[in-house]
Amino acid sequence: SHPHLLGSPIAHFLARVSLAPRQSYKSLTLWPLVLQPDAGECTAPPFVALADALEAGSLRVNEVSDGGSVPNVRVENAGNTAVLVLFGEELRGAKQNRIANASFLIPAKSELVIDVSCVEQGRWSRRRSEGFATSSDMVSHSLRKKMAFKVAESRAFGGGFTADQREVWDEVSARLTHSGSDSRTGAYADYVASRGSDVHAFSSAFHPIERQVGFVAAIGDAVAGLEAVGRPELFARVFPTLVRGYAIDA
């Protein structure tokens, strides 16, 4: 009922969903958002998850040039279906690991340069000749929340989806230090690896349900965020990745 949402795609989406019984594990609680029985099917064109497109070989992600550019990567979609890159989804490889600064939908048969942030400060060289691969990991929700403010500010002033790279590096460094993780290149991936058993335990406690297209998450007594992908079959595919972003904080 917020006046700024009336008639918006967000309002249309929220009018078609309802909350299902919560799922909880220790400090993390998820309330599933499910399509109402009379909501009908999604009429938007189909799209697939980043991991599936990379695995199929229909999509390639690489540096923008031989020299590369820290805040950008090139995405080439040779497939016949659009590909969803999630905000905070990690890309590993090329000259340094990156995360997407927003959720991007890459059209079929297209090539785009997207805005990213580095989460591996101590490397700027290729370990292999290949480009990026997906890790099925998402950066922590708390870091995404910080990034979102800077990205929104950039957009408001007519810029791109630009985050504060120093803020991202500081957050990764603080997490590595706090966890005592050993990382030669200051990589967020090494922090995740050090918390692997905890994250797996949290992630395994949750599962998508029929017609689910999102969830509201709370850590402890505080609401942390809302995630949504309008197609139930695709939401189920990216659900583990989305949950890991909250599990690492919980």
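Strands in these legends are DSSP runs of E with at least two residues, helices are runs of H or I with at least four, and both are numbered from the N terminus. The model shown is predicted.

**Overall view. The protein is built from 7 helices and 14 strands.** The radius of gyration is 18 Å, close to the 18 Å that the globule rule gives for 250 residues, so the protein is as compact as a globular protein of that length. Along its principal axes the C-alpha trace spans about 50 × 45 × 40 Å, and 46% of the 250 residues count as buried. Among contacts between residues at least 6 apart in sequence, 65% join residues at least 24 apart.

An open sheet of 6 strands runs in the order 5-6-11-9-8-12, with antiparallel pairing. Strand 5 (59-62) and strand 12 form the edges, since each of them pairs on one side only. Averaged over the sheet and with direction ignored, neighbouring strands are turned by 35° against each other. One of the pairings in this sheet joins strand 6 (residues 72-77) to strand 11 in the antiparallel sense over 6 bridges, and within that pair N72 stands opposite D115 of strand 11.

Strand 7 (residues 82-85) is covered on both of its faces. In a regular strand the side chains alternate between the two faces of the sheet. In strand 7, A82 and L84 lie on one side and V83 and V85 on the other, and all of these residues are buried. Strand 7 pairs with strand 4 (residues 47-49) in the parallel sense over 3 bridges, and V48 is the residue that stands opposite V83. With strand 10 (residues 104-106), strand 7 pairs in the antiparallel sense, again over 3 bridges, and here L84 has L105 as its bridge partner.

**Close-up of helix 3. Helix 3 (residues 141-156) has 16 residues and reaches 22 Å from its first C-alpha to its last, close to the 22 Å expected at 1.5 Å a residue.** An α-helix has 3.6 residues a turn, so residues three or four places apart point the same way. The buried residues of helix 3 are H141, L143, R144, M147, V151 and S154. These buried residues pack against several elements, including strand 9, strand 11 (110-118) and strand 12 (132-138), and also against helix 4 (165-179), strand 14 (222-228) and helix 7 (232-247). The helix is followed by G158, whose phi is positive, near 85°.

**Close-up of E227. E227 in strand 14 is joined to R144 by a polar contact of 2.5 Å between their side chains.** R144 is one of the buried residues of helix 3, and E227 likewise counts as buried because its relative accessibility is 10%. Leaving aside residues up to four places away in sequence, E227 touches L33, H141, R144, V213, G214, F215, L242 and Y246. D198, by comparison, is 29 residues from E227 in sequence and 22 Å away in space, C-alpha to C-alpha.

**Close-up of two loop residues. K26 and A94 both have a positive phi without being glycine.** Most residues other than glycine have a negative phi. For K26, which sits in the loop between strand 2 (23-25) and strand 3 (28-35), phi is about 50°. For A94, found in the loop between strand 8 (89-93) and strand 9, phi is near 45°. K26 is exposed because its relative accessible area is 68%, which is over the 50% limit for that class. A94, in contrast, counts as buried because its relative accessibility is 4%.

Terms used:
Residues are numbered from 1 along each chain as its sequence is written. This is a predicted model: local features need pLDDT of at least 70, side-chain atom pairs count only at pLDDT 80 or more; totals for chains, interfaces and linings use all residues. Side-chain values use heavy atoms; hydrogens and water are left out. The expected span of a helix is 1.5 Å times one less than its number of residues. Buried means under 20% relative accessible area, exposed over 50%, partly exposed in between (1.4 Å probe, protein chains only). Contact means heavy atoms within 4.5 Å. Two strands pair if DSSP finds at least two bridges between them. Axes are lines fitted to C-alpha atoms, for helices over the stretch in contact, and angles run from 0 to 180 degrees between N-to-C directions. A polar contact is a pair of N or O atoms within 3.5 Å; within protein, one must be able to donate a hydrogen and the other to accept it, and residues adjacent in sequence count only if both atoms are side-chain atoms. The radius of gyration is taken over C-alpha atoms; the globule rule is 2.2 Å times the number of residues to the power 0.38.
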